Each structure stands twice: as C-alpha cells, then as structure tokens.
Amino acid sequence: MSRWTLAPAAALVTVVLLVALVPACARSQAVGDWAIHDTLRPPPPVVRPGEPPPMQRPPSDALVLFDGATLSHWRSAAGGAAGWKVENGYVEVVAGAGDIETRQGFGDVQLHIEWATPARVEGTGQGRGNSGVFLMGCYEVQVLESWENRTYADGQAAALYGQYPPMVNASRPPGEWQTYDIVFRRPRFEEGGALVRPARITVLHNGVLVHDAVELTGPSGHYQRPPYTAHPDRLPIRLQDHGNPVRFRNIWLRELPEP
C-alpha cells in the first residue's frame, strides 16, 4: 500500500488545513485590507539610507530625459511648452503651471529619477514637498517630504499612491537629493480590452528596496481605486504639479524588452 492510503483521514485533515490557510495568507497581503488613505494604517519602519552619493551617470544605452539643461523631451500635460523652471542643473515645479509629461510614450521601463523637496519646511502631511512620478500617466510613485512628516501610509514618499505603502521609509532630510530606481512592467490587455496581466512595479528609494514586483490594482486615484481600463501600450511619463517647489534632476530610462 502507498503512504497515501495508510492514513486517509490524516491526509484529508492536512488538505483542509492547507486550503483554509491559503486564503488567510492572501487576505493578509491584499490592498483591500485597508481603506484607501486609512490614517490607522501603520507607517512603515524608518531606515536611514546614509549620505547621498554623487549624481549617478546614466548607462550607455539609456535615453536621457532631463540632463539639467533643457526640457526638450517634455511638454505641458495640458498641451504646449513645459512651464517649469530650469536652473543650476535641475527643473523645479512652478505652482500653477500644471503637470509635465514626456513627449514620447513608454511601456516597460527601468526609470531613474532624482528629486529634492524644499530645505525650508513648510506645511504638514500631504502639503509638504508633494509631487509624483506617474508611469504611463496612470500609475503613481508618490513624491513627498517624509522625513518626520506623518501622513497616511499609502501616500508617503515611495508609496504606490492609494494602494501600497513602501516596505520601509528610506527618506532623507528636506533639501537633500533622493533617488528612485523603478522597474515598471505595463499591464497587458486582450484585443477586446479585458485585463490579461496587471501592471507590476519594483522601486528602490535611495538604494533601498521598498517594493518588490508588486502588482497594482489599477490606476492611482485620490480616495478611490479605479479599475483597469484598456489603454495604449505606450504612454508618457508624467511629473505632478502639486503646488510645492519640488526639484528633479538626472532623469533617464532604459526601455525593457517584452518579458
């Protein structure tokens, strides 16, 4: 007799226990466990990333989207020229000028971007050094001054806005340059528009892994989690004007082959 027939009752109990346990594990990781922007959601632990390194040079196969000199790869998201200020090797948000976006559309990318919030601290919560990096204009990695600045966990620096807080808070103090290194895989849709595979994103904040191939529930939203709707395979990258003078520099990407 095989080992499976020696103790059928024990085997059945084991299977039942495993089936019962798997949904519990899945639920513990589900974004729906928390209401969007729930202020009771625990903030991630703080990790100090150390001193900022020198500005990184792009790899030889990168497309440089901002080299510190011009916004030739960018335009206003509302149409026309980008209205942000370029000086001293960085571009700074001009309040009221609106979001800017790349003139070119992208899908799967490795994106590097450096940013800094104002050294002079003003405001609290979401009103303090707020901006955002939107992959395909839809999927936001939050930019926020999150050094000793309490806000809802899914809206702090490096959060996948409205969905997932970062695993840790790797923020540097106000005024210091910070880095995001993002690997983004776009969502896949059938010809009829049905979702085949959700978007997936990995993020390193100041060299610290904060999201590891996380599947997004859909586009980012403020107090809402919109479902996926079919969109083109390539869309612009957008940077947000949230009214704060956030600075960006050294923006480059590498387009990735189909997985």
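How many helices and strands does the chain have? The chain has two helices and 15 strands, where helices (H or I, at least four residues) and strands (E, at least two) are DSSP runs numbered from the N terminus. This is a predicted model, in which local features need pLDDT of at least 70 and side-chain atom pairs count only at pLDDT 80 or more, while totals for chains, interfaces and linings use all residues. Residues are numbered from 1 along each chain as its sequence is written, and side-chain values use heavy atoms, with hydrogens and water left out.

**The chain as a whole**

- Of the 259 residues of the chain, 47% count as buried, a word that stands for under 20% relative accessible area, with exposed meaning over 50% and partly exposed in between (1.4 Å probe, protein chains only).
- Among the contacts in the chain with a separation of 6 or more, 70% come from residues 24 or more positions apart, a contact being heavy atoms within 4.5 Å.

**L235 and M136**

- L235 is found in the loop between β13 (208-215) and β14 (238-239), and with a relative accessible area of 19% L235 is buried.
- Leaving aside residues up to four places away in sequence, L235 touches Q104, G105, F106 and M136; L235 and F106 are 129 residues apart in sequence, yet 5.2 Å apart in space, C-alpha to C-alpha.
- M136 sits in the loop between β7 (131-135) and β8, counts as buried at 3% relative accessibility, and has a positive phi of about 55 degrees although M136 is not a glycine.

**Y223, another residue with positive phi**

- Most residues other than glycine have a negative phi.
- Phi of Y223 is near 60 degrees, a positive value in a residue other than glycine.
- Y223 is placed in the loop between β13 and β14, and at 52% relative accessibility Y223 counts as exposed.

**N149 and its surroundings**

- N149 lies in the loop between β8 (139-143) and β9 (178-185), where N149 is buried, with a relative accessible area of 9%.
- The side chain of N149 reaches the backbone nitrogen of G125 at 2.9 Å, which can be set beside the rule for a polar contact (a pair of N or O atoms within 3.5 Å; within protein, one must be able to donate a hydrogen and the other to accept it, and residues adjacent in sequence count only if both atoms are side-chain atoms).
- Not counting residues up to four places away in sequence, N149 touches T124, G125, R128 and L144.

**Aromatic rings**

- Rings of Phe, Tyr and Trp (its six-membered ring) pair if their centres lie within 6.5 Å, and planes under 30 degrees apart count as stacked, over 60 as edge-to-face and the rest as tilted; by this rule the count comes to seven aromatic pairs.
- F189 and Y228 form an edge-to-face pair, with 6.3 Å centre to centre and 70 degrees between the planes.
- F189 lies in strand β10 (residues 188-189) and Y228 in the loop between β13 and β14, so the pair ties together parts that are 39 residues apart in sequence.
- Both F189 and Y228 are buried, and ring pairs link Y139, F184, F189 and Y228 into a cluster.
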